[in-house]
Amino acid sequence: SSAATESAPASPTPGSGTVSAAPPSAGTTPVTAADGAISWTLPCAKPRTQTMDLNKRAKKVIKSMTGWACGQGAGTTAGVFVVELQKTPATDDDAHRELRGLVEQALSGAEKPKHGTFQGHPGISGQVKIRSDSATGYQAVAVGPWLAVFAMTPPDDLSELVDTVRVN
């Protein structure tokens, strides 16, 4: 849902921490990242995991970026991207700016995100057309040096993902 904020607990993971996936249960995969700092449940049994390569320009701001997705290509229904910044934003305004910049770069064509909070941390939410045939809803959160974006197609199903997020 694109109603922004305060809808569910969420927080990001540092890419430099460990990433593990527990055995699937009822068609879903619990994921714990950043040495246990964050966990969520992906709505699929076999998510794809990828550490993204960064170009020289991105490395000035981003330390690491990892993604998880359910499905492939046009069949992708859920995704999580976690970015560890080189340094922690000094203020909530700075964190919102970083979130907005990440979403605009990663999800070109995104509508202007709605700002708010997400489990007490700076957050944004909105919708984007990633594929020509359907919209994707997203919620993002900033905690310390980490930014996490949770996305779901269709947008009305976003709560299935973000309602499972826990900051430990």
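1. Rings of Phe, Tyr and Trp (for Trp, its six-membered ring) form an aromatic pair if their centres lie within 6.5 Å; planes under 30 degrees apart count as stacked, over 60 as edge-to-face and the rest as tilted. The model is predicted, so local features need pLDDT of at least 70 and side-chain atom pairs count only at pLDDT 80 or more, while totals for chains, interfaces and linings use all residues. Residues are numbered from 1 along each chain as its sequence is written, and side-chain values use heavy atoms, with hydrogens and water left out.

2. Two aromatic pairs are found in a search of the whole structure. W40 and W68 make an edge-to-face pair, at 4.9 Å centre to centre and 85° between the planes. Because W40 lies in strand 3 and W68 in strand 5, this pair ties together parts 28 residues apart in sequence. Strands (E, at least two residues) and helices (H or I, at least four) are DSSP runs, numbered from the N terminus.

3. The rings of W40 and F150 have centres 5.8 Å apart and planes at 80°, so this pair is also edge-to-face. F150 belongs to strand 10, 110 residues from W40. W40, W68 and F150 form one aromatic cluster.

4. W40 counts as buried at 1% relative accessibility, and F150 is buried at 0%. Buried means under 20% relative accessible area, exposed over 50% and partly exposed in between (1.4 Å probe, protein chains only).

5. In helix 2, A95, H96, L99, L102 and V103 are buried. The face turned away from the buried side of helix 2 carries the exposed residues D93 and Q105.
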